[in-house]
Amino acid sequence: PQRAAVNSSIGAAPKAASAWPPEAILGFTSSVGEFGFGKSKRLLNASEYSAVFDAAEFKVSEKTVLCLARRSQLNQPRVGLVIAKKNVRLTVQRNRVKRVIRESFRHNATTLHSCDIVILARRGLGDLKNPEMNQLLMRIWQKLARKVENSVLPESIVNQTIISRAL
């Protein structure tokens with residue numbers, strides 16, 4: 001025997017037209033593309049992580065975090081996270097740590113040049129409050145950006161040096 005379909009909209013108010021995307025309502029366009037965290041901004045597989053571990057050009061160390069980085073051929077920075085259960089015990093804390101690191105990276109990616117970055121958690125990172133963790137990450141991004149800038153000679157300076165030596 002077939003059952004009759006139950007109409008769940010009986011007595012329900014009619015649905016309003018969808019108000020999504022918000023640009024249509026608010027009259028602005030979002031700039032999520034610049035600050036998003038898509039696959040292009042993440043290290044995705046073991047070979048990408050290994051490349052950073054094996055040939056890290058830059059290292060920034062703090063008590064609860066180690067940051068390894070190397071230049072990449074891409075035109076944007078990418079990040080990978082290593083949050084070991086040994087160092088951040090509770091799943092809730094590991095997820096929070098990852099969320100805070102991703103968010104901090106997202107907001108500071110424009111200052112980080114073209115680098116592949118791996119963030120390794122050390123003991124005690126999960127015990128930090130979010131504002132403390134944000135301050136720590138801000139220091140790390142600043143130190144890393146400074147190291148990358150100081151190590152790179154712009155091509156125009158290199159060319160000028162070569163030309164001046166030839167004269």
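Which residues does Arg 96 touch, not counting residues up to four places away in sequence? In this predicted model, Arg 96 touches Gly 126, Leu 128, Lys 129, Asn 130 and Met 133 under that condition.

- An open sheet is formed by four strands in the order 1-2-4-3, and its pairing is mixed.
- Strand 1 and strand 3 are the edge strands, each with a single partner strand, so one side of each has no neighbour in the sheet.
- On average, and with direction ignored, neighbouring strands of the sheet are turned by 15° against each other.
- Helix 5 packs on this sheet and touches strand 1, strand 2 and strand 4. The direction of helix 5 makes about 155° with that of strand 1.

**Strand 2 and its partners**

- Strand 1 and strand 2 run antiparallel and are joined by four bridges. They form a hairpin, with three residues between them.
- Within this pair, Phe 58 stands opposite Ala 69 of strand 2.
- Strand 2 also pairs with strand 4, again in the antiparallel sense, over seven bridges. Here Cys 67 has Ile 119 of strand 4 as its bridge partner.
- Five of the seven residues of strand 2 are buried, which leaves this strand mostly covered.

**The nonpolar cores**

- The largest nonpolar core has 27 residues. Those with the most contacts inside it are Ile 101, Ile 117, Ile 119, Leu 125, Trp 141 and Leu 144.
- Two or more residues of this core come from each of strand 1 (58–61), strand 2 (65–71), strand 3 (78–82), helix 4 (91–108), strand 4 (115–121) and helix 5 (130–151).
- Helix 5 gives the largest share of this core, with seven residues.
- Another core, of seven residues, lies apart from it; Leu 43, Tyr 49, Leu 66 and Val 118 are among its members.
- Ile 117 touches, among others, Leu 43, Cys 67, Ala 69, Val 79, Phe 105, Trp 141 and Leu 144, not counting residues up to four places away in sequence.

**Arg 96**

- Arg 96 belongs to helix 4.
- Although Arg 96 is buried, it has no salt bridge.

Conventions
Residues are numbered from 1 along each chain as its sequence is written. This is a predicted model: local features need pLDDT of at least 70, side-chain atom pairs count only at pLDDT 80 or more; totals for chains, interfaces and linings use all residues. Side-chain values use heavy atoms; hydrogens and water are left out. A nonpolar core is a set of buried Ala, Val, Leu, Ile, Met, Phe, Trp, Tyr and Cys residues joined through side-chain atoms within 4.5 Å. Buried means under 20% relative accessible area, exposed over 50%, partly exposed in between (1.4 Å probe, protein chains only). Contact means heavy atoms within 4.5 Å. Lys and Arg count as positive and Asp and Glu as negative; His and the chain ends are not counted. A salt bridge is a side-chain nitrogen of Lys or Arg within 4 Å of a carboxyl oxygen of Asp or Glu. Two strands pair if DSSP finds at least two bridges between them. Axes are lines fitted to C-alpha atoms, for helices over the stretch in contact, and angles run from 0 to 180 degrees between N-to-C directions.
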